[in-house]
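Open the model in your viewer and keep the selection panel at hand.

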Amino acid sequence: MKKAIFPGSFDPFTRGHADIVGRGLRLFDHITIAVGYNGQKQGWIPVEERVRALRELYRDEPRISVEAYNGLTVDYARQRDIHFILRGLRTHKDYEYELGMADVNRQLDADIETVVLFTEADLANISSSVVRELAHFGHDIRPWLPENLTYSLEIEN
Ligand code: ADP
């Protein structure tokens with residue numbers, strides 16, 4: 001079985017992320033969406049709530065699981081016998097970052113390959129940070145999130 005891990009902050013999970021997961025399912029039998037704890041900052045939505053909302057979103061999709069994790073992505077993947085890291089690419093800025101991460105991860109474990117999918121053009125401007133900014137100013141962020149994703153917080157404000 002071909003398994004991949006899709007690691008990220010997903011704070012919040014956007015339509016851009018959902019697109020990468022959906023297209024990733026054409027390549028992989030199973031995808032673990034791995035919500036990373038960031039040691040430096042707590043983030044906007046608590047990690048537990050990010051995980052809960054995503055499990056709910058994908059509850060009818062047995063090929064997707066959602067977990068929170070600490071530490072290095074390659075260590076997490078190796079422990080679960082996952083050999084592919086799935087990532088998405090929007091701009092040249094993402095490119096620099098993803099290239100660096102993929103290089104480091106390959107040095108850490110040459111048996112784990114990073115697979116990068118290009119964004120859909122109409123989703124290229126969606127980022128979690130823009131969504132957070134919009135929410136901060138009281139803007140309705142639902143158009144940026146997958147239709148059935150709901151967080152149990154007053155995150156619009
Ligand atoms: P991180 O904090 O690790 O950058 P993110 O939650 O921001 O995690 O993103 C996880 C992955 O999803 C990254 O590979 C990022 O480039 C990708 N991604 C984010 N937004 C989009 C989008 N709109 N289209 C395609 N890929 C995206």
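**Stop 1: the ligand shell**

Select the shell around the ligand: by class, the shell has six nonpolar, six polar and four charged residues. This is a predicted model, so treat each stop as part of a prediction. In total, 16 residues surround the ligand. Pick out the closest: Ser9, Phe10, Gly88, Leu123 and Ile126.

Now colour by secondary structure. Four elements each give the shell at least two residues: strand E1 (3–8), helix H1 (15–24), strand E4 (84–89) and helix H4 (92–108).

**Stop 2**

- Arginine 87: an N or O atom in its side chain is 3.0 Å from an oxygen atom of the ligand.
- Glycine 88: here a backbone N or O atom lies 2.7 Å from a ligand oxygen atom.
- Leucine 123: a backbone N or O atom lies 2.9 Å from a nitrogen atom of the ligand.

The ligand taken alone exposes 550 Å², and the protein buries 87% of that.

**Stop 3: the largest pocket**

Hide the ligand. The space it takes is the largest pocket. How large is the volume of that pocket? About 1,400 Å³.

Select the lining next. It holds 48 residues, and the closest to the pocket centre are Gly8, Ser9, Phe10, Arg87 and Tyr97. By class, the lining has 16 nonpolar, 21 polar and 11 charged residues.

Which elements each supply at least two residues of this lining? Show E1, H1, helix H2 (47–57), E4, H4 and helix H5 (128–136). Then highlight H4: the largest share of the lining, eight residues, comes from this helix.

**Stop 4: the loop between E1 and H1**

Zoom to phenylalanine 10, which lies in the loop between E1 and H1. This residue is among the closest to the ligand, and also among the closest to the centre of the largest pocket. Check its backbone: phenylalanine 10 has a positive phi of about 50°, although it is not a glycine.

Step along to proline 12, also placed in the loop between E1 and H1. Is the peptide bond from aspartate 11 to proline 12 cis or trans? It is cis, with omega near 5°. For context, most residues other than glycine have a negative phi, and most peptide bonds are trans.

Conventions:
Residues numbered from 1 in each chain as written. Predicted model: local features only at pLDDT ≥ 70, side-chain atom pairs only at ≥ 80, totals over all residues. Heavy atoms only, no water. Near = heavy atom within 4 Å. Polar contact = N/O pair within 3.5 Å; in protein donor to acceptor, adjacent residues only side chain to side chain. Areas by Shrake-Rupley, 256 points an atom, 1.4 Å probe, with all protein chains shown as cover. 1 Å grid on protein atoms, 1.4 Å probe; cavity = no way out; pocket = protein on both sides within 12 Å on 5 of 7 lines; lining within 4 Å. Sits in = over half its atoms within 2 Å of the grid points. Nonpolar A, V, L, I, M, F, W, Y, C, P; charged D, E, K, R; others polar. Points joined across faces, edges and corners; volume = space filled by probe spheres on them.
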